[in-house]
Amino acid sequence: MRGAASPITILQMAGGAARGLLRGETKTRDLPGAWLRANDIRLDADAIADYGLLCGFQEGQGVPLTWPHILAFPMHLRLMMRPDFPFPLAGLVHLHNRIRQRARLTPGETLSLDTSFGCLMTHERGQAFSILTAAHRDGVVVWEGQSVYLKRGGQGRGLAAPAMRAASEMACDQAWRVPADLGRRYAGVSGDANPIHTSALGARLFGFPRAIAHGMWTKARALAVLTPPRGLDAAEIEVSFRSPLLLPGEAVFFVTPDRRDFEVRDPTGERVHLRGRLNVLASSEITV
């Protein structure tokens, strides 16, 4: 199956969620053997700059490791809006995200993106599953991503969903003020117009008192702090999304002395919104 990585509009997302709610779950929980390919996806310098500015990146840091995920996200939605996808789109929770970049990306170049379902995973709160993405440059994989989502309720099957343990000796590095309109602004640069992030009413429909920040914004904001001034060639960043960050709000960034493990917490330092790890890869760790 082939498709283009064009944005999903809020009406399309709402329609897909409504169809999922009306349809409910399918008789089988097996994931479809479907995949999407998008060719000649350009790394647009202006779009990257707008995204980078909102997430806290500096110009010299180059293309953020998280940017190909933004390009692939419409493909993720299209997979989950298929009629043979076994779960309703509405209410799915992004649990975990891992990105591995094998070589530096450059604005102006083009990539090909492949996206497919991964596998089912067990989780204490329900059934989890993964979506896999690979970005190719001239036929060579230069970037890979895995997103793990949760359908709450019932008993899951499959491998255990990934989870991250807390690191020791973390210290507060900096504090962030997160504005009320962040969800709408991030939707504008990312194409992720989920109403729980852009509307207080949409958030309340799913049990949140007000809109919540996109988990991938929180990941990108943390990555911006940790990315060296001249950017990264090859690296892996993995995070678990722990609790919602309400908008408007405040958050505190904690990191270990080696600046490898990190957490985003509430101002008290007690509640963890995100837990992650950044590994800068040596050439011996990269396989192509």
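Here are some questions and answers about this predicted model.

Q: How many helices and strands are there in the protein chain?
A: Let's begin with the overall layout of this chain of 288 residues, of which 51% count as buried. Its accessible surface comes to about 13,400 Å², with 53% of that belonging to carbon and sulfur atoms. As for the elements, the count is seven helices and 11 strands.

Q: Are the axes of α2 and α7 roughly parallel or roughly perpendicular to each other?
A: Look at α2 (residues 45–55) and α7 (residues 215–226), whose axes come within 9 Å and cross at roughly 85°. Angles from 65 to 115 degrees get one particular label. That is why α2 and α7 are called roughly perpendicular.

Q: How many nonpolar residues take part in the contact of α2 with α7?
A: On the α2 side you'll find Y51, L54 and C55, and they meet W217, A220, R221 and A224 of α7. Sorted by type, these residues include no polar ones and one charged one, and the nonpolar ones number six.

Q: Is C55 buried or exposed?
A: C55 is one of the α2 residues that meet α7. Buried means under 20% relative accessible area. C55 has a relative accessibility of 0%, so C55 counts as buried.

Q: Which residues is H214 in contact with, leaving aside its neighbours within four places in sequence?
A: H214 sits in the loop between α6 (200–205) and α7. With 2% relative accessibility, H214 counts as buried. Setting those sequence neighbours aside, its contacts are G183, Y186, A187, D192 and H197.

Q: Is the peptide bond from L247 to P248 cis or trans?
A: Most peptide bonds are trans, so it's worth checking this kind of thing. P248 lies in the loop between β8 (235–241) and β9 (249–255). Omega for the bond from L247 to P248 is near -10°, and the bond is cis.

Q: Is D40 buried or exposed?
A: You can find D40 in strand β1 (residues 35–42). Its phi is near 55°, a positive value in a residue other than glycine. Exposed means over 50% relative accessible area. D40 has 62% relative accessibility, so D40 counts as exposed.

Q: What is the phi of D138, roughly?
A: D138 is in the loop between β4 (126–137) and β5 (140–152). D138 is exposed, with a relative accessible area of 77%. Although D138 is not a glycine, its phi is positive, at about 55°.

Technical notes:
Residues are numbered from 1 along each chain as its sequence is written. This is a predicted model: local features need pLDDT of at least 70, side-chain atom pairs count only at pLDDT 80 or more; totals for chains, interfaces and linings use all residues. Side-chain values use heavy atoms; hydrogens and water are left out. Axes are lines fitted to C-alpha atoms, for helices over the stretch in contact, and angles run from 0 to 180 degrees between N-to-C directions. Helices (H or I, at least four residues) and strands (E, at least two) are DSSP runs, numbered from the N terminus. Angles under 35 degrees count as roughly parallel, over 145 as roughly antiparallel, 65 to 115 as roughly perpendicular and the rest as oblique. Contact means heavy atoms within 4.5 Å. Ala, Val, Leu, Ile, Met, Phe, Trp, Tyr, Cys and Pro count as nonpolar, Asp, Glu, Lys and Arg as charged, and the others, Gly among them, as polar. Buried means under 20% relative accessible area, exposed over 50%, partly exposed in between (1.4 Å probe, protein chains only). Accessible areas come from the Shrake-Rupley method with a 1.4 Å probe; for residues, only the protein chains shown count as cover.
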